[in-house]
Every structure is written in C-alpha cells, then in structure tokens.
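I opened this notebook to record what I looked up in the structure. The entries follow the order of my reading.

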Amino acid sequence: ILPEVTSNWTPFFEILSSLILLVLFAPVVIVKSWGAQAIEKGSDYEAIRNELEQFRTPVGGILYWPDSIMPHSTAGVIGLVRGFRYLLISKKLLKALSNEELRAVIAHEAEHIRRHHLFYYLIAVTGLLGFFALAGNVNFLLVFTEISQVPGLILGVSAIISVLLFVRFGIGFLSQNFERQADCHSFERFGI
C-alpha cells in the first residue's frame, strides 16, 4: 500500500504497522491455532468473570489452556488490547483449586493486566530489535566507508550472546519483578 517512491519514513511506517498487527492479531492467531476452547459457563466461569470485573480488567475470552501446548497446571494472560486479550487456564489447575484459590490465581493474572506487564515486555523486545537494527547500520556504515569490516561469524556470535544476555538478565529481571508484583497483589487480596 506504500507509494513506489520511498522516503525516510517508510521503515518507521513498516515497523509501526507491524507492531500494531502483532499487538492486535497475534493473540487471536495464537489462541485459534492452539485450538483453545471457551470455559463452560458455571461457578468457575462466574468466579473468574467477577474477579476480572472487580479490577476492571476485561478480557476478550476466558479459555482453557490446551493440554497439548502446556500440559502443566498453569494460568496466563495473552494480548495487550481489551478485545484481543485472553485469559487462559488449564483444566488441571481449574479442577485442583478451591473457589478462593481460583480467585487468588485470577487476582494474580488481573494484576498483570492492571500493571500493563505485557506492554513492558513488548517495549523490551522492541528495544532488542532496535539494538540489532542499530548494530546492523553501524556495521553497514563501517563497510561502506571502508573503515573496517566485521566478519559474519563475529556478528552472528555476538547476536546470539546478546539474545542470551537479554533473555537472562533483561526478560529475567522483568519477569521476576512482575511475578512478585502479581503475587503480592494476590496475597493482599486473599492471604494465600
């Protein structure tokens, strides 16, 4: 849809439109491709819905986490935007929890939504991609000006090391703190 004449704004438009598509449609595509099914209406569904509504954290759907994807007892939230956000909970976890424990788990997940934790993950990953783009431009500039040329092997190894460090220290740091915040909220609400 872009005109044939490109400008300096073309890469920014492409990145921005890609991020918008990722944020809006990736959760829908993931949930559909996993074959996640909606939780049947009943006491569990009502407890989950009430807990989410109490904290003004609406979701587009409350779904079972498919056992084929995650065979463990777990719950999670996927998606940044209201209508494209889903709460997933495994059948094993749902069966194992009492009503109060279920509400505590949902309070934990609602806190992730309320504090916009997924948005911060998006910013972190976008920053990593920006870092790689900057590194690629610097290398291109060095080659173009014939100042220096970095061998491909060094670039590849440094990219792998960068990703590992980013996941371990960047995402690891965010994840630990986000989980602690959500756990504290659940503990304040229910003491469990």
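The model is predicted; local features need pLDDT of at least 70, side-chain atom pairs count only at pLDDT 80 or more, and totals for chains, interfaces and linings use all residues. Residues are numbered from 1 along each chain as its sequence is written, and side-chain values use heavy atoms, with hydrogens and water left out.

I noted a volume of about 630 Å³ for the largest pocket. Of its 24 lining residues, Val77, Ile78, Gly79, Leu118 and Tyr121 are the closest to the centre. A pocket is an open set of points on a 1 Å grid over the protein atoms alone, where a 1.4 Å probe fits, with protein on both sides within 12 Å along at least five of seven lines; lining residues have an atom within 4 Å of a point. Points are joined across faces, edges and corners, and the volume is the space filled by probe spheres set on them.

Helices (H or I, at least four residues) and strands (E, at least two) are DSSP runs, numbered from the N terminus.

Next I traced the open sheet of three strands, whose order is E1-E3-E2 with mixed pairing; two strands pair if DSSP finds at least two bridges between them. E1 (61-65) and E2 stand at the edges with a single partner strand each, so one side of each has no neighbour in the sheet. E1 pairs with E3 (residues 86-90) in the parallel sense over five bridges, and Ile62 has Leu87 as its bridge partner in E3.

Lastly, I found four salt bridges, each a side-chain nitrogen of Lys or Arg within 4 Å of a carboxyl oxygen of Asp or Glu. One joins Glu51 and Arg103 (3.1 Å, N to O). Glu51 lies in helix H2 and Arg103 in helix H4, so this pair ties together parts 52 residues apart in sequence.
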